[in-house]
Amino acid sequence: MKMRNTKILLLRIISAFFLITCMSACKDGDIKNKDIIGYLPSKPDYTEEDSWFSAPAYGEGEAIANVFYIAPTCIWDWEDSTGGLCHFMDISNEGQRKLVTDNSLFLASMLLGKDCDFYAPFYRQLTMDTWMEDEKTISERFSYAMDDIYDAFEYFIVNINGDRPFVIAGHSQGAKCVIELLKNSFDSRTYGKLVAAYVFGYPISQEEADGYPFLKPAQGSSDTGVTIAFNSISKPEATSAMFEGNAVCINPLNWKTDSTYAPASMNAGSVFFNSDRTSDTLFNQVGAKLDEQLKSLIIDGLNDDDYFVESVSSIFPKGNYHIQELNLYFLNVQDNLRQRVQGSVSLQYLF
């Protein structure tokens with residue numbers, strides 16, 4: 001079912017060889033490579049219910065599509081029971097599961113699951129510390145996280161989705177995973193069921209946009225089979241170094257890819273959830289304009305100090321709204337997903 005390019009296949013062969021040669025020196029499925037990998041938790045089994053967070057659609061009618069969502073980075077480096085440093089999530093660790101669920105999956109299911117059944121795999125996501133490392137370290141560790149997502153997506157397509165239309169979405173690290181799925185795990189049959197791919201807060205290069213047939217940047221509010229990508233800052237100097245060379249962005253307030261300003265009156269509501277799962281909605285407060293050179297949204301209406309996260313400031317400086325990307329245009333994206341799903345279903349009835 002999966003389409004893997006040569007690089008991905010080679011990476012998996014190397015990973016399998018590494019696993020076999022290290023097993024005699026590892027406990028509880030851990031892999032030791034102290035230079036880069038460190039302690040690797042056991043690989044998830046996606047035939048098991050505990051490997052998934054799922055939620056039924058909470059809208060008024062019956063769900064007509066599925067969502068496959070990939071969580072962002074929610075944990076930091078941690079020590080296992082032997083004192084070994086781990087740079088990956090252990091999906092059997094209840095504390096880490098709670099962090100991912102409370103910080104990400106609940107929010108995403110509220111955003112994307114109003115009219116869709118929602119499925120999100122727990123996976124060996126990289127810790128936040130890893131994203132502050134050099135590119136070689138990030139790349140080598142990410143291969144394990146991505147390997148989990150390849151397996152989860154295949155299981156989703158074969159055993160969960162059936163003939164339903166589906167949406168894939170991810171935020172931050174999860175958005176990077178979405179991009180890799182579009183590049184390596186789609187064929188024409190799978191792509192024919194894709195409503196849209198939502199890439200929240202991760203760059204897409206021009207090479208990726210031009211070179212992969214199933215990664216098609218959205219051009220408006222209703223096209224289907226497309227990739228919707230955006231990232232938000234309040235000023236150009238708040239751009240993260242991660243976004244150098246970003247080539248894809250759309251304004252989710254007016255669904256334009258040019259610099260037409262969308263005033264706050266076009267923002268139906270920015271929704272922020274509290275720890276007790278109550279929510280606060282800022283109606284018509286945040287406006288946005290696409291900077292065509294940076295391929296980023298320049299927003300207004302918020303106080304940067306109120307949304308600044310000191311612990312990740314080396315990656316996302318003050319004025320960068322990466323952490324709040326799902327919150328800022330919440331009601332607009334929710335309505336847009338419904339529009340695209342309904343449009344996709346209508347097209348299927350025509351053929």
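Mentor: Start with who is buried in H4: Gln 173, Gly 174, Ala 175, Lys 176, Cys 177, Val 178, Ile 179, Glu 180, Leu 181, Leu 182, Lys 183 and Asn 184. That is 12 of its 12 residues, so the helix is mostly covered. Keep in mind that this is a predicted model.

Now check the length. H4 covers residues 173-184, and at 1.5 Å a residue its 12 residues should span 16 Å. The end C-alpha atoms lie 17 Å apart, which agrees.

Lys 183 makes a salt bridge with Glu 208, with 3.0 Å between the closest N and O atoms. Glu 208 belongs to helix H6 (residues 206-211) and Lys 183 to helix H4, so the pair ties together parts 25 residues apart in sequence. Both partners, Glu 208 and Lys 183, are buried. As background, side chains of opposite charge can pair when their charged atoms come close.

The structure holds 17 salt bridges. Asp 102 pairs with Arg 277, the closest N and O atoms being 3.3 Å apart. Asp 102 sits in helix H2 and Arg 277 in the loop between S12 and strand S13 (279-282), so this bridge ties together parts 175 residues apart in sequence. Asp 102 counts as partly exposed because its relative accessibility is 34%. Arg 277 is partly exposed too, at 42%.

The other pair is Lys 235 with Asp 304, at 4.0 Å from N to O. Lys 235 lies in the loop between strand S11 (232-233) and S12, while Asp 304 is in helix H7 (residues 304-307), 69 residues apart. Lys 235 is partly exposed at 27%, whereas Asp 304 is buried at 15%. The cut-off for buried is under 20% relative accessible area.

There is also a network of salt bridges. Lys 43, Arg 124, Asp 147, Asp 148 and Asp 151 are linked in it.

Go back to Arg 277 for one more contact. Leaving aside neighbours within four places in sequence, Thr 101 touches Phe 53, Phe 106, Phe 122 and Arg 277. Thr 101 is in helix H2. At 14% relative accessibility, Thr 101 counts as buried.

Definitions and conventions
Residues numbered from 1 in each chain as written. Predicted model: local features only at pLDDT ≥ 70, side-chain atom pairs only at ≥ 80, totals over all residues. Heavy atoms only, no water. Helix = DSSP H or I, 4+ residues; strand = E, 2+ residues; numbered from the N terminus. Buried < 20%, exposed > 50% of the residue type's maximum accessible area, 1.4 Å probe, protein only. Contact = heavy atoms within 4.5 Å. Expected span 1.5 Å × (residues − 1). Salt bridge = Lys/Arg side-chain N within 4 Å of Asp/Glu carboxyl O.
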